[in-house]
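Thank you all for coming.

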Amino acid sequence: MITYRDARPADGPALAAMARASFTETFGTLYRPQDLAAFLDQAFGPQGLPSQIGDPAFRIHVALDEGAVVGFAKTGPVAFPGDWPATAVELYQLYVRADQHGAGVGPALMDWALATARADARTEMILSVYVDNHRAHRFYQRYGFTEIGRYVFMVGEKADDDRILRLPL
């Protein structure tokens with residue numbers, strides 16, 4: 001049975017390991033090993049995701065199956081270049097372990113992210129998705145997100161073509 005709760009500092013290593021594995025499984029073949037390693041260290045190393053647990057600027061919610069992290073969602077201040085309203089929030093990551101796809105974990109985490117944003121009086125949610133991540137595009141479209149621009153997402157020295165999506169709340 002999947003349970004959900006806010007991340008705790010003790011979750012840092014398991015959360016980072018799950019995020020690394022999920023990103024690698026989904027996108028690992030797109031990058032040179034050194035680019036992938038640099039990105040994983042930056043995003044999910046000690047100064048990345050684990051350090052944001054408990055940071056008041058970020059909210060991280062985890063999905064657990066018998067204590068193992070099988071998914072998470074992270075929101076925080078919008079980091080994309082541009083002029084964003086102070087009431088906007090960014091969905092940085094919504095990762096679900098592949099063996100949990102179709103089990104309702106993604107929708108439960110998305111529902112949490114939207115409910116939390118609304119409770120915090122946010123007026124819009126912004127996120128980016130890799131242009132060829134069709135599964136994620138379909139998922140976000142079901143929630144009403146629409147494309148509003150492009151974003152260059154760096155993975156090491158490789159520039160990816162991402163799409164910026166927006167949902168008025």
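Which exposed residues does the face of helix 1 turned away from its buried side carry? Before I answer, note that this is a predicted model, where local features need pLDDT of at least 70 and side-chain atom pairs count only at pLDDT 80 or more, while totals for chains, interfaces and linings use all residues. Residues are numbered from 1 along each chain as its sequence is written, and side-chain values use heavy atoms, with hydrogens and water left out.

The answer is Pro13 and Glu25, where exposed means over 50% relative accessible area, buried under 20%, and partly exposed in between, with a 1.4 Å probe and protein chains only. Helices here are DSSP runs of H or I with at least four residues, strands are runs of E with at least two, and both are numbered from the N terminus. On the buried side, helix 1 has Gly12, Leu15, Ala16, Met18, Ala19, Ser22, Phe23 and Phe27. Seen down the axis of helix 1, these buried residues fall within an arc of 160°, so they line one face of the helix, the arc being that of the directions from the helix axis to the C-beta atoms.

Let me turn to helix 5, which spans residues 134–142 and whose buried residues are Ala136, His137, Phe139 and Tyr140. These also lie within an arc of 160° when seen down the axis of helix 5, so they line one face of the helix, and they pack against strand 4, helix 4, strand 5 and strand 7, with contact meaning heavy atoms within 4.5 Å. The face of helix 5 turned away from its buried side carries the exposed residues Gln141 and Arg142, and just after helix 5, Gly144 takes a positive phi of about 100°.
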